[in-house]
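Subject: Structure handover

Hello,

Here is the structure for your files. My notes on it follow below.

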Amino acid sequence: MTFGVILLGLVIAVSVIGSVIPQQREAMYYVRQYPSTYQLILQLGLDRVFTSWYFIVIIILLCLNLILCSLLRWRFLQKADPAGAVLGRASDVKLPLAKRQAVETYLEKILRCRKVDAGKKKIYLKYQFGRYGTFITHLGILLTVIFFAAGMALPKLHDTSCYPGESIILDDGTEIMIESFSIEDDTGRLDYRSVINVTMPDGRSTGPSDLSVNHPVSIGSLKVYQQTYGTVGQISVTDNAGHKDSFFVESNDFLSADGKNGILIDNLYPGLEETEEGTKLIMSTSGRYKNPVYLFMVMQEGTQEAMLAFPGDEIEVGGYTYRFEAPVEYPGLRIKKAPAYANICLLISVMILTAGLFITFLLSPVTVLIDEEGYLLPGGRPEGVRLKLKAIADGKGETHA
Amino acid sequence: MLDILFFAGLGLYFASMLLRFFGQVWQKDTVSTLSWRIFMAGFAAQTAYIIMRGLEAGRIPMANQFEFAVMFSWGIAVILVVLHYRLNLNWITTIAIIMTWGIYLYAALLPRQINELMPALRSVWFVSHIGSAAFSYAAFMLAGASGIRYLLIHGKNPADERLEEIDYFIYRLIAIGLLLLTVTIVIGAIWAEEAWSSFWTWDPKEVWALITWILYAIGLHLRLGQKKKGVFMAWYAVIAVPVVLFTFIGVNTLMSGLHSYGAAVKMLL
């Protein structure tokens with residue numbers, strides 16, 4: 001038990017370090033942030049303590065400790081017979097008849113214990129399965145640690161983004177079609193929502209499915225999450241013959257037919273702001289771009305000129321008409337592949353753990369022997385019952401213990 | 001109207017705390033009784049505030065640090081009221097009123113505006129995850145309050161018959177707090193898997209919730225297995241309180257992570 005407590009103390013110590021020192025950053029981050037101690041941090045692996053060898057060793061030792069502890073508890077439980085164990089004993093709290101009857105009334109009527117008559121002795125029993133509480137708790141912790149580790153190691157994550165109307169093809173041939181995406185609902189409230197269609201290599205498909213934060217789309221072992229979003233510019237280009245094409249544009253994209261004349265996109269900004277010093281570009285915003293503006297360079301005949309354009313504006317360069325369209329929002333998706341059984345096993349484990357704690361703390365087994373002289377509560381447990389019986393014995397039956 | 005209710009609650013709790021203090025110094029039961037009535041008035045004002053804020057926001061008000069602090073303080077008050085009326089426990093009242101007021105005062109220092117619920121928080125798990133956390137912290141705080149009371153009484157008279165009862169309630173409060181914290185962590189993990197694709201990210205809030213869980217689990221383990229009770233357990237309950245407060249306040253103010261709802265809107269969606 002002491003060894004287990006020491007191990008738990010070590011888990012706390014490592015966790016504190018892992019929460020104080022930001023984890024999983026590039027080495028240069030630590031060099032800049034901790035100029036005097038970065039070498040120590042990197043050498044001891046304090047930049048990734050939760051995957052360090054010493055943390056894993058602590059967890060393995062904890063598991064071994066839990067296995068041993070569970071086995072010992074199981075053996076003890078198999079041997080124990082609470083009713084039989086107390087039958088051969090005598091009361092240790094001596095009471096007159098009236099108080100003994102009060103104790104029995106409490107056990108029978110209020111606590112609703114099961115009564116076993118054994119000659120001149122009576123045994124009151126309740127929640128006998130509660131003896132398994134600590135065993136179930138230890139087993140639950142053990143299983144939780146094991147399946148937690150599996151649940152952290154097994155999933156394969158892939159972050160990607162895709163413009164509406166386009167598809168992502170995964171390595172195994174799974175296709176994720178982004179049919180639409182919006183970042184606000186009809187009332188203007190932020191609500192990141194995509195409609196996607198996932199088609200597996202074997203032809204199974206989700207059909208058009210709503211994907212939003214907290215509502216991933218699942219099919220087989222694949223799960224697609226709404227992770228982030230971005231805003232991209234869109235430009236339509238028309239040539240002299242009337243042929244039209246449309247492009248999504250990002251910073252440094254150069255739209256040109258001959259590689260010399262065209263427009264170079266500098267950036268797309270959420271809007272303009274009038275200040276005392278003049279007009280300023282808004283650099284970032286939350287939600288939809290309210291008044292989007294394109295900053296771009298016109299490259300023509302070896303010259304270049306910086307310009308601003310709003311959606312709907314057109315400009316002619318090198319025989320082509322460039323029309324700036326309203327920006328389009330697109331989703332950033334996280335694609336997770338993980339066997340479903342890992343999560344199910346983990347869920348069952350934590351349910352076992354929670355049930356174990358519930359039984360241990362709230363359904364403690366009650367075994368009370370009543371003989372002709374008084375009562376016996378082996379080990380003085382549960383403490384609540386001990387205090388209640390003591391209160392009755394002391395004539396303070398109204399005490400709520 | 002909302003502000004009036006909020007500050008009425010804060011003021012009433014403060015008045016109750018002062019009266020309680022004087023009632024104990026002067027040994028006047030009438031003053032202590034009046035203190036309790038004023039506390040109940042403060043509790044009613046706080047309850048009304050939570051309900052009205054919830055109606056105005058169109059959701060359960062637990063979406064940011066301020067709202068959680070109000071709920072946390074209210075949780076302490078609820079448990080105190082239950083202990084007072086159902087179990088007639090008076091030894092915990094003074095320190096519990098101070099704690100209720102202290103957390104409520106902390107809330108008063110935070111911005112009170114009602115914000116729209118961000119997409120990441122629009123989940124069926126929202127109420128159960130945060131609600132169980134608030135009541136779990138409240139139970140731990142009251143265990144700490146009981147620990148202080150135990151140590152004060154023990155300092156005066158180690159044979160005081162109330163000590164056994166207080167010791168038992170420290171155990172019960174920690175056990176209930178641990179159970180609720182387990183529920184908080186489990187529900188949080190399920191929610192995180194739905195929202196962030198991983199049930200555990202070693203985010204500072206998660207790590208400190210785990211530290212809190214382990215800390216109290218060790219305490220209960222020592223009590224149940226090695227019969228560490230009395231003064232030891234009282235000190236343990238008191239010393240663990242700063243850890244709970246750090247998990248609640250320190251992590252949100254000193255560390256950034258996925259639970260920093262005030263700042264990292266875009267990261268979280």
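How many helices and strands are there in chain A? Chain A has nine helices and 21 strands, where helices (H or I, at least four residues) and strands (E, at least two) are DSSP runs numbered from the N terminus.

Some conventions. This is a predicted model, in which local features need pLDDT of at least 70, side-chain atom pairs count only at pLDDT 80 or more, and totals for chains, interfaces and linings use all residues. Residues are numbered from 1 along each chain as its sequence is written, while chains are lettered from A and ligands numbered from 1 in the order in which they are written.

Confidence. The model scores ipTM 0.86 and pTM 0.87. Chain B has a mean pLDDT (the predictor's confidence in each residue, from 0 to 100) of 90, and 96% of its residues reach 70 or more. In residues 262–269 of chain B, pLDDT stays under 50. For that stretch the model has 16 contacts beyond four places in sequence; two residues are in contact if their C-beta atoms, placed from the backbone, lie within 7 Å.

Overall form of chain A. The radius of gyration of chain A is 35 Å, whereas a compact globule of 401 residues would have one near 21 Å. That radius is taken over C-alpha atoms, and the globule rule is 2.2 Å times the number of residues to the power 0.38. Along the principal axes, the C-alpha atoms of chain A fill a box of roughly 115 × 55 × 50 Å. Of its 401 residues, 25% count as buried. The cut-offs are 20 or more other C-beta atoms within 10 Å of a residue's own for buried, 12 or fewer for exposed, and in between for partly exposed, with C-beta atoms placed from the backbone. A:Leu61, in helix H4 (residues 53–79) of chain A, counts as partly exposed because it has 15 C-beta neighbours inside 10 Å.

Strand E19 of chain A. E19(A) covers residues 320–337 and pairs in the antiparallel sense with strand E4 (residues 156–161) of chain A over six bridges; two strands pair if DSSP finds at least two bridges between them. In that pairing A:His158 has A:Ile335 as its bridge partner. Strand E10 (residues 222–238) of chain A also runs antiparallel to E19(A), over 15 bridges, with A:Gln226 opposite A:Leu333. Strand E18 (residues 314–317) of chain A is joined to E19(A) by four bridges, again antiparallel. E18(A) and E19(A) form a hairpin with two residues between them, and A:Gly318 in the turn has a positive phi of about 55°.

Cores. The largest nonpolar core has 112 residues, and B:Ile76, B:Ala138 and B:Ile170 are among those with the most contacts inside it. A nonpolar core here is a set of buried Ala, Val, Leu, Ile, Met, Phe, Trp, Tyr and Cys residues joined through C-beta atoms within 7 Å. Helix H6 (residues 162–196) of chain B gives the most to this core, with 21 residues. A second, separate core of 15 residues includes A:Val103 and A:Leu389.

Interface. On the two sides, 40 residues of chain A are in contact with 41 residues of chain B. H1(A) supplies eight residues, the largest share of the side of chain A that touches chain B.

Regards
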